[in-house]
There are 2 protein chains.
Amino acid sequence: MMKSRRRATSFDVAALAGVSQSAVSRAFSPQSSIAADTRARVLDAARKLDYVPNRIASSLTTRRTNIVAVIVGDMANPFYVQALHCIGRSLQAQGRQVLLFTLDRDASADDVMRRVLQYQVDGVVLTSARLSMRMTGRSLDRGVPIVLFNRYIPGHDAACVRCDNVHGGGLIASALLAAGGRRFAMITGDPGATTSQDRVRGFVTHLAQAGVAPEDIAEACGHSTYEGAAAAALALFDRPRRDWPDALFCINDIMALGAMDVLRARLGIAIPDALQVAGFDDIPQAAHLSYRLTTVAQPVDAMVAEALALLHLDGPARHIERAIDRALPGHLVVRATLRPPGG
Amino acid sequence: MMKSRRRATSFDVAALAGVSQSAVSRAFSPQSSIAADTRARVLDAARKLDYVPNRIASSLTTRRTNIVAVIVGDMANPFYVQALHCIGRSLQAQGRQVLLFTLDRDASADDVMRRVLQYQVDGVVLTSARLSMRMTGRSLDRGVPIVLFNRYIPGHDAACVRCDNVHGGGLIASALLAAGGRRFAMITGDPGATTSQDRVRGFVTHLAQAGVAPEDIAEACGHSTYEGAAAAALALFDRPRRDWPDALFCINDIMALGAMDVLRARLGIAIPDALQVAGFDDIPQAAHLSYRLTTVAQPVDAMVAEALALLHLDGPARHIERAIDRALPGHLVVRATLRPPGG
């Protein structure tokens, strides 16, 4: 079944390009320094000879596989798909690839990280809240750089890159206040996730400064899913109509979609006239005409660039960052789910 | 930076489990046959000793990396995200992982496939319409099994697994006719993709049998994106109101969302009263309350199982399938964008 035709080797490429064999190997290693014109000459010769280097074999000497593991906890949330896409594009542009790990509900941190380590990856990007602590510990024990994306672990010094969620929660509170919100409600996410906790904290703290007592803010957990948020929204409105909230913060966009859909379809609530809604993340669907959701945009490109930089993939040796916590500010994206200020 | 503590080796695991070293290696190879209780004893010993096998090193002798490349052309279409998630889950359950390749608009088939081949993957799943022919040729030239997912290449004998798109297009035509459709329109996808062509063919053929002439079906290309479909929908309705279509088939769901949103928001068209709409794929968003889209569900789980079986990952040697074209039937999912038959 396999063709047995002789394949070009790195010697052939070196001869055609007129360079040393080690220059050929450097030309294919993202972390190697080599003159741009030498690299171009090598790549050109490789193309002509249909030569493909074996990164797996060369990883045994370079100790680099040029593979980065990305662990995605929630493929149903478009924000993480967007992040995965951005990480994949950025790594590909560097000559590296993503080895994808998705987490099942019942996955054990040890099992997943044991699998990650089997592939001798150059680094790990962890986007899941669940299991973060144990996974991160195992990766660091093994000397494999890891960066937490869009979360951190309280009391742990693993490197993390995230949106400034406290600040973002404050932006939403401020916008809802300016638009005339009076009876506030929140749909929170995964209770154990720092992302949800911080957005809630920023929101509640900002409202408190404006005189809204925390105990006056209605709250329900939507578990960071569309369906969970729909159920949470109905629970929040299960009270006399005069007590219905008029300003709802869903701590992520996917939950805002679920809440908006069920409140309009089941209770006939007009948005933004009877209820103002805001989300967080700025997923592509937030811009769709059915929603036109006011939200906080996470600076995904900048976050991904920071996260990959912290893995030090280009350095001569592995280097593990400690005690780094990069919180990048998000910005408010005003669409149609809030009334115009003063309107 | 790296801990220098001595790591357990496969010898240590063999000693603790009371098995040979080769049994340890077989226990970690998905394609090896080994008694279930022996495997369990080895995995238990490995856990106790915190042993992690080096799949990269062992791939040089087994010629298996346990890595399957998945090439995704369109991460903005939730159907392909769903397929990627399903492929990832299935491979993980077998002890394998996905190496993810995303295609930029300007990617060259040769460059992408050259990168895939560098990682010595055990197989390739190609979900992109663009570049299929050249990519597939290169993979087969190198003896790497490849399977086309949800597409085929006319005149080429590469293995493919897809939904029966002609049949599915017919299901939609039949449902729209039964619901009283009279003035038909289509929003088509990527013009070069067999997926779009086949759905259109099934739709048009079925309508012709019911007496609707192909030239009476209005048509616009939505390029398989939400935004493209919104523009296409406006173009289809840029005619006197009495000539507006009353039955619209969007050849995939992501385009149906774009069309529904713009027609309701911009032209105030009531769905399904003034316009019936149907899609194809059954992406998660099709079930959302804003859309409740009638569509054809692709049998994703069965398609993924077939596709992975065709890669023969468990066989003793690589085996390349030729001239296999598995077309699995989809089924109609009736929601709220069609009027009840006879209603």
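## Axis

L99(B) is the residue of chain B that comes closest to the rotation axis, with its C-alpha at 2.2 Å. The model is predicted: local features need pLDDT of at least 70, side-chain atom pairs count only at pLDDT 80 or more, and totals for chains, interfaces and linings use all residues. Residues are numbered from 1 along each chain as its sequence is written, while chains are lettered from A and ligands numbered from 1 in the order in which they are written.

Chain B superposes on chain A by a rotation of 180° with 0.0 Å of shift along the axis, at an RMSD of 0.0 Å. The two copies are thus related as by a two-fold rotation axis.

## Interface

Chain B brings 44 residues to the contact, and chain A brings 44 residues. Contact means that C-beta atoms, placed from the backbone, lie within 7 Å. On the side of chain B that touches chain A, the elements giving two or more residues are α4 (55-62), α5 (78-93), β2 (97-102), α6 (109-118) and α11 of chain B. Helices (H or I, at least four residues) and strands (E, at least two) are DSSP runs, numbered from the N terminus. β2(B) gives the most, with six residues.

Of the interface residues of chain B, 100% are also interface residues in chain A, so the copies meet through the same surface.

## Strand pairing across the chains

Strand β2 (residues 97-102) of chain A pairs with β2(B) in the antiparallel sense, over three bridges. Pairing requires that DSSP finds at least two bridges between two strands. L99(A) has L99(B) as its bridge partner in β2(B).

## Sheet of chain B

Four strands of chain B form an open, parallel sheet in the order β7-β6-β8-β9. β7 (218-221) and β9 (276-278) of chain B are the edges; each has a single partner strand, so one side of each lacks a neighbour in the sheet. The twist averages 15° from one strand to the next. Axes are lines fitted to C-alpha atoms, for helices over the stretch in contact, and angles run from 0 to 180 degrees between N-to-C directions.

Strand β8 (residues 247-250) of chain B pairs with β9(B) in the parallel sense, over three bridges. F249(B) stands opposite A278(B) in β9(B).

## Helices across the sheet

Helix α8 (residues 165-178) of chain B lies across β8 and β9 of chain B, at about 165° to β9(B). Helix α11 (residues 253-267) of chain B lies across β6 (184-188), β8 and β9 of chain B, at about 140° to β8(B).

Methods:
Contact = placed C-beta atoms within 7 Å. Least-squares fit on C-alpha atoms with pLDDT ≥ 70 in both.
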